[in-house]
Amino acid sequence: DKVRVFAPATVANMICGFDILGFAVDEPGDEVKMYRVAEPGVRIRSIQGDDGRLPMDADRNTVSACVKMLLDDLGILQDIGVEIELIKHMPIGSGLGSSSASTVAGLFAINTLLGNPLTKEELMPYCVEGERLACGHGHADNVAPALMGGVTLVRGGEELDIVKLPAPKELYAGIVFPQVDVPTRDARQLIKEKVLLKDAVTQWGNIAGVVAGLFTEDYELLGRSMHDIIIEPSRAILIPEFYAMKEIALSSGALSFGISGSGPSVVAVTKGREVAESVTRKIQEHLSTNGIDSYRYVSAV
Ligand code: HSE
């Protein structure tokens, strides 16, 4: 009895929709291999690709802690033996939903091993709890697209609506991850708690514009709407060369550019794969001349 599950990286916020919009990408992503074993208990067998940063203790590791929570709720925690191999293909603190991908893969794996007692919708609260354990706040804008795929909208407080949104065929994301570490926990502490009404109006107009643009396949509207005037100014200071990268993206044909999740990854949203390829190459060259190594990924939205 074993399963192997891949869960994708995700671009939370979709630039302007802080904590409510996000989309899954083709790569990178994390992998969980899960084994049923005779001896009861949940254990981590191995973790690869985390540079030794994640706990092996099953109560402290987010993936196993969420699996335990689910087994406990099903009333079978004492009876079942499960061992987990976690293979991380993306760095922690990258702004690509690294913790979410692992959590979602782990929960999907245990649900599959058990013969799918829960629907994806029923798995969601466990995923959100995983996010809370990982970074201190239970936002669902990474876990929702990691679990559901595509673009998702999260609305509501206690009772969440997870709404899948369409994406136009030619909408692409060019992602660059500058190799600096920005923990989500820290990046959330920088944000101002109060927002001016006029800024809120601009921002929620932009969010509505994104949603409408996705449905009507209006690339220009998407480009005009994907701007974040509330969060980005506070967080940009954590990201090296942010405004230079933005200038490069927007002058090279990207529809829009902003922070992926809580950074330091950045995302250029483009019409067509080629623009995303060339924009990310140019950004990577710029970073490299400034002594910063980076990874780049291109994916359909
Ligand atoms: N919406 C979250 C944030 C995503 O921007 O802090 C990061 O996990």
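## A space inside

Which helix and which strand each supply at least two residues of the lining of the largest cavity? They are helix 8, covering 232–235, and strand 8, covering 256–259.

Searching the whole structure turns up 1 cavity of 30 Å³ or more. The largest cavity holds about 80 Å³ of space. Its lining includes N13, I15, C16 and F18, together with Q203, D228 and I231. E232, R235, G258, I259 and G261 also line this cavity. Sorted by class, the lining has 5 nonpolar, 4 polar and 3 charged residues.

## Around the ligand

Now let us turn to the ligand. Among the residues that surround the ligand are A12, H139, N142, T184, R188 and S262.

For D141, an N or O atom of the side chain is 2.6 Å from a nitrogen atom of the ligand. N13 has a polar side-chain atom 2.8 Å from an oxygen atom of the ligand. Taken alone, the ligand exposes 260 Å², and the protein buries 96% of that.

## Confidence in the model

Please keep in mind that this is a predicted model. The chain has an average pLDDT of 95, and 100% of the residues score at least 70. The model's scores are ipTM 0.98 and pTM 0.95.

Note on methods
Residues are numbered from 1 along each chain as its sequence is written. Side-chain values use heavy atoms; hydrogens and water are left out. On a 1 Å grid over the protein atoms alone, a cavity is a set of points where a 1.4 Å probe fits but cannot get out, and a pocket is an open set with protein on both sides within 12 Å along at least five of seven lines; lining residues have an atom within 4 Å of a point. Grid points are joined across faces, edges and corners, and a volume is the space filled by probe spheres set on the points. Helices (H or I, at least four residues) and strands (E, at least two) are DSSP runs, numbered from the N terminus. Ala, Val, Leu, Ile, Met, Phe, Trp, Tyr, Cys and Pro count as nonpolar, Asp, Glu, Lys and Arg as charged, and the others, Gly among them, as polar. pLDDT is the predictor's confidence in each residue, from 0 to 100. A residue is near a molecule or strand if one of its heavy atoms lies within 4 Å of it. A polar contact is a pair of N or O atoms within 3.5 Å; within protein, one must be able to donate a hydrogen and the other to accept it, and residues adjacent in sequence count only if both atoms are side-chain atoms. Accessible areas come from the Shrake-Rupley method with a 1.4 Å probe; for residues, only the protein chains shown count as cover.
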